[in-house]
Amino acid sequence: MSDPVTDIDVAVVGAGAAGLAAAHRLRQLGVSTLVLEARDRIGGRAHTVTTETGFPVDLGCGWLHSADRNPWVPIARALGFGIDETLPGWGSRLIRMGYSEADQDDWFRTRAAFYERLEAAEAEPDRAAATLLEPGNRWNQMLDAISTFANGVELERLSAHDYNRYDSTDTNWRVREGYGALVTRFGADVSVRLGTPVRRIDWSGRSVALETDAGILRAKAMILTVPPSVIAAEGIAFAPHLPPEKLAAAHGLPLGADNKLFFALSGEWPEIGANWHVLGSTERTRTAVYQLNAMGHSVVEMFTGGALARDLERAGEAAMAAFGIDELASVFGNRIRPCVKPLVASAWSGDPYALGSYSYARPGHADDRAIWAEPVGDRIFFAGEAVSAHDFSTTHGAYLSGLAAAERVLASVSGGRCA
């Protein structure tokens with residue numbers, strides 16, 4: 001390797017929401033910090049692009065979940081970003097698909113009963129969430145499909161305990177200019193070295209040596225924010241190896257699959273209002289959910305999850321678009337086919353620096369989040385949405401974990417003087 005890139009108090013690996021939050025906080029505290037980011041942009045899985053329609057769209061996180069307590073809301077307002085407080089209206093999907101009020105009420109009862117069983121199961125040994133479905137219930141496939149959207153995985157592969165521990169206030173808002181744009185603007189003043197993937201981390205000495213293609217960065221301590229899936233896939237080498245319980249936690253907390261494809265919507269559609277949501281089907285797990293006219297823009301957002309998302313990603317954007325157009329036609333009729341034009345799609349499972357969309361726990365592994373959050377050798381600290389006990393799979397969970405990691409690493413770097 002070449003001479004050191006630099007010497008620093010704290011190195012942060014990953015310029016997503018967690019890494020930027022940690023670096024931002026450490027800079028406020030006067031700790032010299034450098035963020036190493038493998039991609040050529042900051043933001044991680046928060047990524048806004050502007051399509052040919054002129055409207056910004058989020059290929060990654062899009063909703064300010066639990067907006068009434070989400071720290072990105074005051075950050076957005078302080079930075080001059082607009083907040084769309086229109087609630088998503090997910091509860092009206094069935095009516096918009098032609099179901100009766102009685103059908104919708106039956107769905108609500110089924111969903112509530114399932115969540116009650118999830119909560120009760122917390123007192124029992126962990127198991128697959130699918131075991132809590134009511135046998136033969138007409139809405140089971142819809143519950144499974146919603147798990148693929150919420151968790152990136154089907155219920156049979158999901159920890160019941162972990163699903164139950166997710167905490168939501170059910171207040172979901174949008175950033176008008178894009179959530180990814182907000183995260184990028186927040187990190188604009190952070191010291192980041194782009195295009196610098198970390199290949200190997202040597203923590204055998206009193207400091208940490210991070211080997212990159214540009215050289216070696218030596219730091220007193222580091223904060224690792226890359227997803228556990230990357231560590232499980234040996235995307236970064238460690239010397240010595242991480243403890244066995246740490247590696248087991250990385251394997252127990254993979255990233256689920258969720259992708260988006262955006263269509264331009266043309267023509268007159270007086271029956272479709274702003275922020276409309278519909279499912280492609282309520283009778284199968286392998287379906288997508290669609291948001292039409294988001295924030296008044298003539299755009300359709302197609303959202304897929306789980307095995308379907310992975311399969312369509314492998315098949316390519318044309319196959320993804322064909323699937324979406326067929327489902328939209330099944331809901332709105334064939335007249336919608338010439339009115340939708342594919343614009344841009346995400347492909348998170350194939351992203352080598354993510355290998356998925358957001359964290360879920362395998363059955364029996366819900367407690368791995370606490371293990372993944374623990375530092376190693378008082379030199380390697382961990383952040384990212386996967387470490388969050390109750391806000392995993394959210395950008396605010398990642399942000400809060402970054403703040404917490406910054407506070408924990410401070411005592412190590414300062415020798416406890418600023419505890």
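The legends below describe an overview and several close-up views of one predicted model.

Residues are numbered from 1 along each chain as its sequence is written. In this predicted model local features need pLDDT of at least 70 and side-chain atom pairs count only at pLDDT 80 or more, while totals for chains, interfaces and linings use all residues; side-chain values use heavy atoms, with hydrogens and water left out.

**Figure 1. Overview of the chain, with 13 helices and 20 strands.**
Helices (H or I, at least four residues) and strands (E, at least two) are DSSP runs, numbered from the N terminus. The radius of gyration of the chain is 22 Å, which agrees with the value near 22 Å that a compact globule of 419 residues would have. That radius is taken over C-alpha atoms, and the globule rule is 2.2 Å times the number of residues to the power 0.38. Along the principal axes, the C-alpha atoms fill a box of roughly 65 × 50 × 40 Å. Of the 419 residues, 57% are buried; buried means under 20% relative accessible area, exposed over 50%, and partly exposed in between (1.4 Å probe, protein chains only). Contacts are heavy atoms within 4.5 Å. Among contacts between residues at least 6 apart in sequence, 74% join residues at least 24 apart.

**Figure 2. Surface and charges of the chain.**
Accessible areas come from the Shrake-Rupley method with a 1.4 Å probe; for residues, only the protein chains shown count as cover. The chain carries 39 positive and 51 negative side chains, and the centres of the two sets lie 4 Å apart. Lys and Arg count as positive and Asp and Glu as negative, whereas His and the chain ends are not counted. Each charge is placed at NZ of Lys, CZ of Arg, CG of Asp or CD of Glu.

**Figure 3. The open sheet β5-β7-β6.**
This sheet has 3 strands with antiparallel pairing. Its edge strands, β5 (63–64) and β6 (83–84), each pair on one side only. Two strands count as paired if DSSP finds at least two bridges between them. Between β5 and β7 (residues 173–175) there are 2 bridges in the antiparallel sense. Leu64 stands opposite Trp173 in β7.

**Figure 4. Strand β9 with its partners β10 and β12.**
Strands of a sheet pair through backbone hydrogen bonds, either parallel or antiparallel. Strand β9 (residues 198–202) pairs with β10 (residues 208–212) over 4 bridges in the antiparallel sense. The two strands form a hairpin with 5 residues between them, and Arg200 stands opposite Glu211 in β10. With β12, the pairing of β9 is parallel and runs over 3 bridges. Here Ile201 stands opposite Phe238 in β12.

Pro240 sits in the loop between β12 (237–239) and α9. Not counting residues up to four places away in sequence, Leu247 touches Ile231 and Leu242. Trp372 is 125 residues from Leu247 in sequence, yet their C-alpha atoms are 8.7 Å apart.

**Figure 5. Asn293 and Met295 in the loop between β16 and β17.**
Asn293 lies in the loop between β16 (289–292) and β17 (299–305). Its phi is near 55 degrees, a positive value in a residue other than glycine. At 12% relative accessibility, Asn293 counts as buried. Met295 is also in the loop between β16 and β17, and phi of Met295 is near 55 degrees, again positive in a residue other than glycine.

**Figure 6. Glu271 in the loop between β14 and β15.**
The loop that holds Glu271 runs between β14 (258–265) and β15 (276–279). Glu271 has a relative accessible area of 32% and is therefore partly exposed. Trp276 and Arg335 touch Glu271, not counting residues up to four places away in sequence. Met97 is 174 residues away from Glu271 in sequence and 12 Å away in space, C-alpha to C-alpha.

**Figure 7. Asp326 in helix α11.**
Helix α11 spans residues 317–332 and includes Asp326. With 42% relative accessibility, Asp326 counts as partly exposed. Asp326 and Ile336 are 10 residues apart in sequence, and their C-alpha atoms are 9.6 Å apart in space.
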